[in-house]
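Biologist: I have the model open next to the sequence and would like to go through it piece by piece. Please start with the terms you need.

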Amino acid sequence: MSRTDHAHSIADQRRDPKPFFDLRAGVIWFCLALISAACNRTAEPPVTLAARVSTSMPTITPRIQPSATSPVGFSSVRPVDPSVSAILEEVSSARLVESVNILAALGTRHVLSVQDDPNRGIGAARNWIQAQFESIRESHPEKQIEVWLQPFSYQWRIWEITAQNVILRLPGSDPNAGIYIIGAHYDSIGSDPFNANLPAPGANDNGSGVAGMLEIARIMAGRTPRHTLLFVAFSAEETGRQGSLAFVNDYLRAQRPPLDLKGMINLDMIGGEQGERGAREPRLMRLFSGEPNTSPSRQFARQLWLVVNSYIGDMNVVMQPTEDREGRWGDQQSFTAVGYGAVRFIQGVENPNLQHNQWDTLEAVQEDYLRRATRTVLAGLLVLTESLPAPSGFSLRRDSAGTVSLNWVVVDGAGGYLVLLRTENSILYDQVLTLNGGSVNRLEWDRFDQFQYISMMSVDSAGRAGAASPEIMISRLLSP
């Protein structure tokens with residue numbers, strides 16, 4: 001997390017009610033949705049093309065019900081792939097805790113700490129992370145997994161610093177599908193940000209994020225995602241996120257042809273359930289994304305929220321309406337600054353007394369919380385990267401009677417589709433419609449124009465929904 005002086009951090013946290021406000025808002029929205037659903041059971045509009053079920057898709061009932069009446073042929077029950085649960089069980093608490101313990105035991109990972117001591121400092125952390133990536137690569141010799149260091153230099157106050165990002169590339173089965181990036185910073189900082197000799201174990205900030213990233217990389221390396229995945233351990237986040245800036249500017253944007261980045265996930269402080277004065281939130285995570293509400297980051301966050309809240313029952317992911325906490329920063333901002341979609345996962349509450357000092361030790365990390373947080377992120381990445389592409393070429397047309405028809409191009413292998421509808425100021429989808437039938441490509445409904453934005457997902461025959469198409473303004477589609 002970003003460098004902030006200790007007193008200012010405490011003040012920020014005490015006046016920042018967002019996590020609790022968003023949780024209350026979620027409960028209120030849930031209740032209103034139930035009332036709306038109960039009031040709209042009659043007068044269902046007709047559908048021109050009957051839904052044809054080509055393959056039966058396993059489903060679950062969502063925890064948050066849609067707030068508008070569904071058209072005939074569609075359902076409000078979300079499809080899920082039962083095999084995902086078994087994959088999530090591969091997340092190992094023992095490996096997660098071991099990773100955090102090893103990083104914290106190095107004493108400090110300050111950017112000015114020693115580079116050549118095998119048992120202390122940022123150089124030892126870099127070498128250990130690189131060795132973990134190399135071990136993943138060696139475990140899968142049949143795959144073209146690549147591991148490398150990205151060196152970069154920058155000036156911080158009076159110091160000229162050379163640091164390295166550590167990168168693993170897992171190629172996808174479809175070279176045209178684009179890439180996803182999962183990142184976590186591995187440097188730490190102490191109570192005096194300019195003193196590299198002070199203890200800065202950084203167990204939760206951000207040994208927990210690095211541990212989660214490594215565990216997800218191990219599991220995904222044993223699979224065949226459609227998208228290419230880049231796992232990046234960033235250095236120099238605590239001094240101004242210079243590591244992620246170097247990655248974006250010197251690597252990502254330097255590729256020719258340009259890389260098609262579908263989304264970046266930043267894991268920063270995902271290991272603790274305890275806040276100040278004994279507060280605990282063992283079932284809460286926050287998901288930050290940058291404004292405006294139509295930004296690539298916010299659209300990416302909505303997709304992740306939909307997926308994880310469909311598959312994860314022991315963690316409540318709450319969408320936040322800002323890119324990060326007030327006065328703070330994270331590596332995701334290096335991506336959003338140049339137009340990429342990027343989000344930050346972070347634990348639900350924080351204790352600033354356990355940040356940027358010698359007390360951020362293994363005791364600040366709760367094993368069960370870290371495992372569930374890692375499973376949550378893995379669920380989102382797994383589903384979005386292994387599924388079918390979104391429908392393309394969809395359009396809306398209004399006939400003389402006022403009924404609107406939605407049309408789209410059928411996706412090969414689809415067992416169904418999700419239609420995602422949102423009003424202008426909603427941070428989440430207001431309506432998620434499920435259609436069983438991969439060959440269906442037309443629907444008539446007279447209520448599409450009650451919403452302002454629409455996008456779609458394809459659902460494969462196993463019940464797994466893929467990434468969504470970019471949101472489009474409904475009024476633009478309906479314009480002559």
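Modeller: Two strands pair if DSSP finds at least two bridges between them. Helices (H or I, at least four residues) and strands (E, at least two) are DSSP runs, numbered from the N terminus.

Modeller: This is a predicted model, in which local features need pLDDT of at least 70 and side-chain atom pairs count only at pLDDT 80 or more, while totals for chains, interfaces and linings use all residues. Residues are numbered from 1 along each chain as its sequence is written, and side-chain values use heavy atoms, with hydrogens and water left out.

Biologist: Then take the sheet with E13 and E16 in it; what is the order of its strands?

Modeller: The order is E14-E13-E16-E17, four strands in an open sheet with antiparallel pairing. Strand E14 (431-436) and strand E17 (472-473) are at the edges with a single partner strand each, so one side of each is left without a neighbour in the sheet.

Biologist: How many bridges pair E13 with E16?

Modeller: Eight bridges pair strand E13 (residues 414-422) with strand E16 (residues 453-460), in the antiparallel sense. To find your place there, pick Val419, whose bridge partner in E16 is Met456.

Biologist: And which helix lies across E13, E14 and E16?

Modeller: That is helix H8 (residues 296-311), which runs at about 120° to E13; axes here are lines fitted to C-alpha atoms, for helices over the stretch in contact (heavy atoms within 4.5 Å), and angles run from 0 to 180 degrees between N-to-C directions.

Biologist: Let's move to the sheet with E11, E12 and E15; which are its edge strands?

Modeller: This open sheet has three strands in the order E11-E12-E15, with antiparallel pairing. The edge strands are E11 (395-398) and E15 (442-445), each of which pairs on one side only. On average, neighbouring strands of this sheet are turned by 20° against each other, with direction ignored.

Biologist: How many bridges join E12 to E15, and what stands opposite Leu406?

Modeller: Strand E12 (residues 404-407) runs antiparallel to E15 and is joined to it by four bridges; Leu406 stands opposite Leu443 of E15.

Biologist: Now the helices: at what angle do H5 and H6 pack?

Modeller: Helix H5 (residues 122-139) packs with H6 at an angle of about 15°, and their axes are 10 Å apart. From the H5 side, the contact is made by Trp128, Ile129, Gln132, Phe133 and Ile136, and from the H6 side by Val210, Met213, Leu214, Ala217, Arg218 and Ala221.

Biologist: And at what angle do the axes of H6 and H10 cross?

Modeller: The axes of helix H6 (residues 203-221) and helix H10 (residues 367-386) cross at roughly 45° and come within 10 Å. Residues making this contact include Ser208, Gly212 and Glu215 of H6, together with Leu370, Thr374 and Val377 of H10.

Biologist: Changing topic to the backbone, which residues does a cis peptide bond join?

Modeller: One joins Asp205 and Asn206, with omega of about 10°, and the place of Asn206 is in helix H6. The peptide bond from Arg256 to Pro257 is also cis, with omega near 0°, and Pro257 lies in the loop between H7 and strand E7 (261-267).

Biologist: What is the phi of Arg157, and where does that residue lie?

Modeller: Arg157 has a positive phi of about 55° although it is not a glycine, and its place is the loop between strand E3 (146-156) and strand E4 (159-170). For context, most residues other than glycine have a negative phi, and most peptide bonds are trans.
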